[in-house]
Amino acid sequence: MQQKFSNPLALITVLLLVLSFIASYQSLQVPEVIGEVNSANQFSASKALLRLDKILPKNAHPVNSVANTIFRENIINQLEALGLPTEVQTTLSCDNSRRSLNCATVSNIIAQIPGTDSSTTVLLTAHYDSVPAGQGAADDGQGVAIILELLNMLKQQAAFKNDLIVLINEGEEVGLLGAKAFMEQHPLAKTVDVVINLEARGNQGKSLLFETGEDNYRLMKLYQQYAIEPLSNSLSYEIYKLLPNDTDLTVFKRQGVTGVNFAFQGRVTHYHTPLDNLANLSAGSVQHQGNNAYAMLQPLLSVDLKSLPP
(Lines give C-alpha, C1' and ligand atoms only; values in the text may rest on other atoms or scores of the structure.)
Protein backbone atom coordinates (compact mmCIF):
# COMPACT_ATOMS: atom_id res chain seq x y z
CA MET A 1 0.00 0.00 0.00
CA GLN A 2 2.85 2.39 0.68
CA GLN A 3 4.21 1.92 -2.82
CA LYS A 4 0.85 2.73 -4.32
CA PHE A 5 0.72 6.08 -2.53
CA SER A 6 4.30 7.28 -2.71
CA ASN A 7 2.95 10.15 -4.81
CA PRO A 8 1.00 12.61 -2.57
CA LEU A 9 -1.14 13.73 -5.50
CA ALA A 10 -2.20 10.15 -6.14
CA LEU A 11 -3.16 9.74 -2.48
CA ILE A 12 -5.24 12.94 -2.54
CA THR A 13 -6.97 11.80 -5.72
CA VAL A 14 -7.88 8.43 -4.22
CA LEU A 15 -9.16 10.04 -1.00
CA LEU A 16 -11.35 12.41 -3.00
CA LEU A 17 -12.75 9.49 -4.98
CA VAL A 18 -13.45 7.61 -1.76
CA LEU A 19 -15.26 10.58 -0.22
CA SER A 20 -17.25 11.14 -3.40
CA PHE A 21 -18.29 7.50 -3.53
CA ILE A 22 -19.30 7.42 0.15
CA ALA A 23 -21.36 10.60 -0.24
CA SER A 24 -23.20 9.27 -3.29
CA TYR A 25 -23.84 5.90 -1.63
CA GLN A 26 -25.27 7.42 1.54
CA SER A 27 -27.69 9.58 -0.44
CA LEU A 28 -29.44 6.56 -1.96
CA GLN A 29 -32.79 5.43 -0.62
CA VAL A 30 -33.53 1.82 0.30
CA PRO A 31 -36.52 0.14 -1.39
CA GLU A 32 -39.92 -0.23 0.19
CA VAL A 33 -40.15 -3.15 2.58
CA ILE A 34 -42.29 -6.05 1.38
CA GLY A 35 -44.70 -7.28 4.02
CA GLU A 36 -45.41 -10.85 5.07
CA VAL A 37 -46.53 -12.02 1.64
CA ASN A 38 -46.40 -15.71 0.87
CA SER A 39 -44.82 -15.33 -2.56
CA ALA A 40 -42.53 -17.75 -4.33
CA ASN A 41 -40.98 -14.96 -6.40
CA GLN A 42 -40.90 -11.91 -4.14
CA PHE A 43 -38.47 -11.62 -1.25
CA SER A 44 -40.00 -10.28 1.97
CA ALA A 45 -37.73 -8.56 4.47
CA SER A 46 -40.58 -8.63 6.97
CA LYS A 47 -40.63 -12.44 6.93
CA ALA A 48 -36.85 -12.66 7.07
CA LEU A 49 -36.70 -10.34 10.08
CA LEU A 50 -39.41 -12.33 11.87
CA ARG A 51 -37.26 -15.42 11.41
CA LEU A 52 -34.22 -13.57 12.68
CA ASP A 53 -36.05 -12.31 15.77
CA LYS A 54 -36.97 -15.90 16.66
CA ILE A 55 -33.54 -17.45 16.26
CA LEU A 56 -30.91 -14.77 16.93
CA PRO A 57 -29.39 -14.77 20.44
CA LYS A 58 -30.11 -11.59 22.39
CA ASN A 59 -26.44 -11.06 23.15
CA ALA A 60 -23.10 -11.60 21.43
CA HIS A 61 -22.41 -15.08 20.06
CA PRO A 62 -18.77 -15.40 19.06
CA VAL A 63 -17.21 -18.62 17.79
CA ASN A 64 -17.34 -21.56 20.23
CA SER A 65 -19.67 -19.75 22.64
CA VAL A 66 -22.76 -21.27 24.23
CA ALA A 67 -24.87 -18.58 22.57
CA ASN A 68 -23.51 -19.51 19.15
CA THR A 69 -24.28 -23.17 19.78
CA ILE A 70 -27.88 -22.18 20.49
CA PHE A 71 -27.95 -20.06 17.33
CA ARG A 72 -26.63 -22.99 15.31
CA GLU A 73 -29.34 -25.29 16.67
CA ASN A 74 -31.99 -22.70 15.86
CA ILE A 75 -30.72 -22.40 12.28
CA ILE A 76 -30.69 -26.18 11.84
CA ASN A 77 -34.28 -26.36 13.13
CA GLN A 78 -35.31 -23.75 10.55
CA LEU A 79 -33.61 -25.66 7.73
CA GLU A 80 -35.19 -28.95 8.75
CA ALA A 81 -38.60 -27.27 8.97
CA LEU A 82 -38.07 -26.33 5.31
CA GLY A 83 -37.47 -30.00 4.53
CA LEU A 84 -33.70 -29.69 4.14
CA PRO A 85 -31.49 -32.30 5.82
CA THR A 86 -28.35 -30.69 7.21
CA GLU A 87 -24.79 -31.70 7.89
CA VAL A 88 -22.58 -30.09 10.53
CA GLN A 89 -18.89 -30.01 9.65
CA THR A 90 -17.02 -29.69 12.94
CA THR A 91 -13.28 -29.36 12.60
CA LEU A 92 -10.21 -27.43 13.68
CA SER A 93 -9.33 -24.55 11.37
CA CYS A 94 -6.33 -22.21 11.47
CA ASP A 95 -5.30 -19.06 9.65
CA ASN A 96 -2.14 -16.97 9.80
CA SER A 97 -2.82 -14.45 7.03
CA ARG A 98 -3.35 -11.64 9.57
CA ARG A 99 0.25 -11.89 10.85
CA SER A 100 -0.84 -14.01 13.80
CA LEU A 101 -1.96 -17.60 14.06
CA ASN A 102 -5.69 -17.92 14.78
CA CYS A 103 -7.19 -21.34 15.41
CA ALA A 104 -10.64 -22.48 16.49
CA THR A 105 -12.91 -25.47 16.31
CA VAL A 106 -15.67 -24.41 13.95
CA SER A 107 -19.03 -25.97 13.14
CA ASN A 108 -20.32 -25.25 9.64
CA ILE A 109 -23.94 -25.87 8.72
CA ILE A 110 -24.25 -27.40 5.23
CA ALA A 111 -27.33 -28.25 3.19
CA GLN A 112 -27.69 -29.39 -0.42
CA ILE A 113 -30.42 -29.19 -3.02
CA PRO A 114 -29.54 -31.19 -6.15
CA GLY A 115 -30.56 -29.81 -9.52
CA THR A 116 -32.34 -31.69 -12.26
CA ASP A 117 -29.51 -31.44 -14.81
CA SER A 118 -26.63 -29.63 -13.20
CA SER A 119 -23.91 -27.87 -15.15
CA THR A 120 -23.08 -25.35 -12.43
CA THR A 121 -22.88 -25.65 -8.64
CA VAL A 122 -23.90 -22.53 -6.73
CA LEU A 123 -22.80 -21.88 -3.15
CA LEU A 124 -24.96 -19.50 -1.08
CA THR A 125 -23.20 -18.48 2.12
CA ALA A 126 -23.17 -16.26 5.20
CA HIS A 127 -21.56 -16.63 8.63
CA TYR A 128 -23.43 -17.01 11.90
CA ASP A 129 -20.82 -16.00 14.50
CA SER A 130 -20.59 -12.43 15.81
CA VAL A 131 -17.81 -10.42 17.37
CA PRO A 132 -17.73 -10.45 21.20
CA ALA A 133 -18.93 -6.84 21.29
CA GLY A 134 -22.46 -7.16 19.97
CA GLN A 135 -25.51 -9.12 18.84
CA GLY A 136 -24.44 -9.21 15.20
CA ALA A 137 -27.91 -8.58 13.78
CA ALA A 138 -26.46 -7.05 10.62
CA ASP A 139 -23.08 -8.80 10.70
CA ASP A 140 -24.20 -11.38 9.84
CA GLY A 141 -27.58 -12.33 11.24
CA GLN A 142 -29.38 -10.72 8.33
CA GLY A 143 -27.36 -12.85 5.90
CA VAL A 144 -28.51 -16.01 7.68
CA ALA A 145 -32.15 -14.87 7.74
CA ILE A 146 -32.07 -13.93 4.05
CA ILE A 147 -30.75 -17.37 3.14
CA LEU A 148 -33.52 -19.05 5.14
CA GLU A 149 -36.18 -16.94 3.45
CA LEU A 150 -34.70 -17.56 -0.01
CA LEU A 151 -34.85 -21.29 0.66
CA ASN A 152 -38.48 -20.90 1.66
CA MET A 153 -39.12 -19.21 -1.70
CA LEU A 154 -37.32 -21.93 -3.64
CA LYS A 155 -39.35 -24.58 -1.84
CA GLN A 156 -42.47 -23.17 -3.49
CA GLN A 157 -40.97 -23.17 -6.99
CA ALA A 158 -40.43 -25.85 -9.60
CA ALA A 159 -37.20 -27.82 -9.36
CA PHE A 160 -34.22 -25.89 -10.71
CA LYS A 161 -31.49 -27.04 -13.07
CA ASN A 162 -28.27 -26.53 -11.12
CA ASP A 163 -27.05 -27.79 -7.77
CA LEU A 164 -27.28 -25.53 -4.72
CA ILE A 165 -25.07 -25.78 -1.66
CA VAL A 166 -25.91 -23.71 1.41
CA LEU A 167 -23.01 -22.96 3.76
CA ILE A 168 -23.78 -21.11 6.98
CA ASN A 169 -20.34 -21.02 8.49
CA GLU A 170 -18.73 -20.28 11.83
CA GLY A 171 -15.52 -18.44 12.59
CA GLU A 172 -15.54 -15.67 9.99
CA GLU A 173 -14.85 -13.02 12.59
CA VAL A 174 -11.63 -14.67 13.80
CA GLY A 175 -9.97 -15.26 10.45
CA LEU A 176 -12.51 -16.61 7.93
CA LEU A 177 -12.03 -19.99 9.58
CA GLY A 178 -15.35 -21.59 8.62
CA ALA A 179 -15.02 -20.86 4.91
CA LYS A 180 -11.39 -21.96 5.06
CA ALA A 181 -12.33 -25.25 6.72
CA PHE A 182 -14.98 -25.91 4.08
CA MET A 183 -12.69 -25.19 1.14
CA GLU A 184 -9.73 -27.13 2.52
CA GLN A 185 -11.45 -30.12 4.09
CA HIS A 186 -14.93 -30.74 2.69
CA PRO A 187 -15.39 -32.84 -0.48
CA LEU A 188 -18.17 -30.57 -1.76
CA ALA A 189 -15.68 -27.70 -2.06
CA LYS A 190 -14.28 -29.15 -5.28
CA THR A 191 -17.70 -28.97 -6.94
CA VAL A 192 -18.36 -25.23 -6.37
CA ASP A 193 -18.38 -23.01 -9.47
CA VAL A 194 -19.75 -19.71 -8.13
CA VAL A 195 -20.42 -18.15 -4.72
CA ILE A 196 -23.00 -15.65 -3.45
CA ASN A 197 -21.78 -14.17 -0.15
CA LEU A 198 -23.92 -11.96 2.11
CA GLU A 199 -22.23 -9.52 4.48
CA ALA A 200 -22.63 -6.13 6.18
CA ARG A 201 -20.40 -3.30 7.33
CA GLY A 202 -22.97 -1.19 9.13
CA ASN A 203 -26.70 -1.68 9.58
CA GLN A 204 -28.39 0.58 7.04
CA GLY A 205 -28.04 1.78 3.44
CA LYS A 206 -28.54 0.07 0.12
CA SER A 207 -27.05 -3.32 -0.66
CA LEU A 208 -23.95 -2.88 -2.80
CA LEU A 209 -22.35 -5.47 -5.03
CA PHE A 210 -18.88 -4.41 -3.91
CA GLU A 211 -16.71 -7.35 -4.99
CA THR A 212 -16.60 -10.07 -7.62
CA GLY A 213 -14.06 -12.42 -9.11
CA GLU A 214 -11.63 -11.00 -11.64
CA ASP A 215 -13.38 -12.36 -14.77
CA ASN A 216 -16.74 -10.93 -13.89
CA TYR A 217 -18.42 -10.08 -17.22
CA ARG A 218 -20.92 -12.95 -17.11
CA LEU A 219 -21.83 -12.33 -13.47
CA MET A 220 -22.30 -8.59 -13.97
CA LYS A 221 -24.51 -9.16 -17.02
CA LEU A 222 -26.74 -11.49 -15.01
CA TYR A 223 -26.92 -8.99 -12.16
CA GLN A 224 -27.74 -6.15 -14.55
CA GLN A 225 -30.47 -8.21 -16.19
CA TYR A 226 -32.19 -9.58 -13.10
CA ALA A 227 -31.67 -7.08 -10.26
CA ILE A 228 -34.63 -4.85 -9.40
CA GLU A 229 -32.41 -1.98 -8.27
CA PRO A 230 -28.84 -2.91 -9.23
CA LEU A 231 -26.12 -1.02 -7.40
CA SER A 232 -22.45 -1.50 -8.12
CA ASN A 233 -19.43 0.55 -9.09
CA SER A 234 -15.98 -0.52 -10.21
CA LEU A 235 -14.59 2.12 -7.86
CA SER A 236 -16.07 0.30 -4.85
CA TYR A 237 -13.87 -2.72 -5.47
CA GLU A 238 -10.76 -0.59 -5.85
CA ILE A 239 -11.57 1.11 -2.55
CA TYR A 240 -12.26 -2.24 -0.89
CA LYS A 241 -8.85 -3.57 -1.93
CA LEU A 242 -7.20 -0.67 -0.09
CA LEU A 243 -8.93 -1.53 3.19
CA PRO A 244 -7.55 -4.01 5.76
CA ASN A 245 -10.70 -6.13 5.50
CA ASP A 246 -11.58 -9.53 4.13
CA THR A 247 -14.78 -11.53 3.86
CA ASP A 248 -15.43 -15.20 3.19
CA LEU A 249 -15.35 -14.51 -0.55
CA THR A 250 -11.60 -13.94 -0.15
CA VAL A 251 -11.20 -17.63 0.74
CA PHE A 252 -13.14 -18.81 -2.29
CA LYS A 253 -11.29 -16.49 -4.66
CA ARG A 254 -7.96 -17.82 -3.39
CA GLN A 255 -9.13 -21.26 -4.51
CA GLY A 256 -10.00 -19.97 -7.98
CA VAL A 257 -13.78 -19.80 -7.43
CA THR A 258 -15.57 -16.71 -8.69
CA GLY A 259 -18.53 -15.06 -7.00
CA VAL A 260 -20.34 -11.94 -5.86
CA ASN A 261 -20.20 -10.15 -2.51
CA PHE A 262 -23.17 -8.10 -1.28
CA ALA A 263 -23.20 -5.80 1.76
CA PHE A 264 -24.87 -2.66 3.02
CA GLN A 265 -22.44 -0.21 4.53
CA GLY A 266 -24.35 2.64 6.10
CA ARG A 267 -24.02 3.75 9.73
CA VAL A 268 -20.63 2.12 9.95
CA THR A 269 -20.20 3.51 13.48
CA HIS A 270 -22.47 0.67 14.66
CA TYR A 271 -20.31 -1.97 12.99
CA HIS A 272 -18.79 -4.48 15.45
CA THR A 273 -20.35 -2.68 18.45
CA PRO A 274 -23.27 -3.37 20.83
CA LEU A 275 -25.34 -1.11 18.54
CA ASP A 276 -25.37 -3.83 15.87
CA ASN A 277 -28.67 -5.13 17.17
CA LEU A 278 -32.12 -5.90 15.80
CA ALA A 279 -33.55 -2.56 16.90
CA ASN A 280 -31.04 -0.68 14.74
CA LEU A 281 -31.13 -2.96 11.71
CA SER A 282 -32.76 -1.29 8.70
CA ALA A 283 -35.58 -3.37 7.25
CA GLY A 284 -35.13 -1.55 3.94
CA SER A 285 -31.49 -2.61 3.81
CA VAL A 286 -32.49 -6.22 4.40
CA GLN A 287 -35.08 -5.88 1.65
CA HIS A 288 -32.51 -4.64 -0.87
CA GLN A 289 -29.97 -7.26 0.19
CA GLY A 290 -32.56 -10.01 -0.22
CA ASN A 291 -33.61 -8.63 -3.60
CA ASN A 292 -29.98 -8.64 -4.75
CA ALA A 293 -29.31 -12.16 -3.47
CA TYR A 294 -32.41 -13.51 -5.24
CA ALA A 295 -31.53 -11.61 -8.41
CA MET A 296 -28.26 -13.56 -8.62
CA LEU A 297 -29.49 -16.87 -7.24
CA GLN A 298 -32.40 -17.24 -9.65
CA PRO A 299 -30.43 -17.13 -12.92
CA LEU A 300 -27.40 -18.98 -11.53
CA LEU A 301 -29.64 -21.92 -10.68
CA SER A 302 -30.94 -21.95 -14.25
CA VAL A 303 -28.02 -21.26 -16.60
CA ASP A 304 -24.80 -22.99 -17.53
CA LEU A 305 -22.37 -20.40 -16.19
CA LYS A 306 -19.52 -21.86 -18.19
CA SER A 307 -21.41 -21.29 -21.45
CA LEU A 308 -21.72 -17.54 -20.93
CA PRO A 309 -19.13 -15.15 -22.44
CA PRO A 310 -16.07 -14.90 -20.17
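Buried, for a residue, means under 20% relative accessible area. Keep that cut-off in mind. This is a predicted model, and we start with one residue in it.

L176 sits at 4% relative accessibility, so L176 counts as buried. Where is L176 placed? It is in the loop between β4 (163-169) and α5 (177-185). Now look at its backbone. L176 has a positive phi, about 60°, and yet it is not a glycine.

There is another case of this kind. N64 is a residue other than glycine, and its phi is positive too, near 70°. N64 belongs to the loop between α2 and α3.

Next, confidence. The protein chain has a mean pLDDT of 90. Of its residues, 91% reach 70 or more. Residues 1-5 are another matter: pLDDT stays under 50 there. For that stretch the model has five contacts beyond four places in sequence.

On to the disulfide. A disulfide is a covalent bond between the sulfur atoms of two cysteines. This structure holds one. Which residues form it? C94 and C103 do, with their sulfur atoms 2.0 Å apart. The torsion about the S-S bond is about 115°, so this disulfide is right-handed.

Now a pair of helices. Find α3, residues 66-81, and α4, residues 137-155. They pack at an angle of about 10°, and their axes are 10 Å apart. Angles under 35 degrees count as roughly parallel. The two helices are therefore roughly parallel to each other. Who makes the contact? From α3 come F71, I75, Q78, L79 and A81. From α4 come V144, L148, L151 and K155. Sort them by class, and you get seven nonpolar residues, one polar and one charged.

Stay with α4 for a moment. D140 lies in this helix. A cis peptide bond joins D139 and D140, with omega at about 15°. Find that bond on your screen.

One last stop: E32. This residue lies in the loop between α1 (8-26) and α2 (45-55). Is E32 buried or exposed? Its relative accessibility is 70%, so E32 counts as exposed. Now follow the chain to G284. E32 and G284 are 252 residues apart in sequence. In space, their C-alpha atoms are 6.2 Å apart.

That's my tour. Over to you.

Note on methods. Residues numbered from 1 in each chain as written. Predicted model: local features only at pLDDT ≥ 70, side-chain atom pairs only at ≥ 80, totals over all residues. Heavy atoms only, no water. pLDDT = per-residue confidence, 0-100. Contact = heavy atoms within 4.5 Å. Disulfide = S-S within 2.5 Å. Helix = DSSP H or I, 4+ residues; strand = E, 2+ residues; numbered from the N terminus. Buried < 20%, exposed > 50% of the residue type's maximum accessible area, 1.4 Å probe, protein only. Axes fitted to C-alpha atoms, helices over the stretch in contact; angles between N-to-C directions. Parallel < 35°, antiparallel > 145°, perpendicular 65-115°, else oblique. Nonpolar A, V, L, I, M, F, W, Y, C, P; charged D, E, K, R; others polar.
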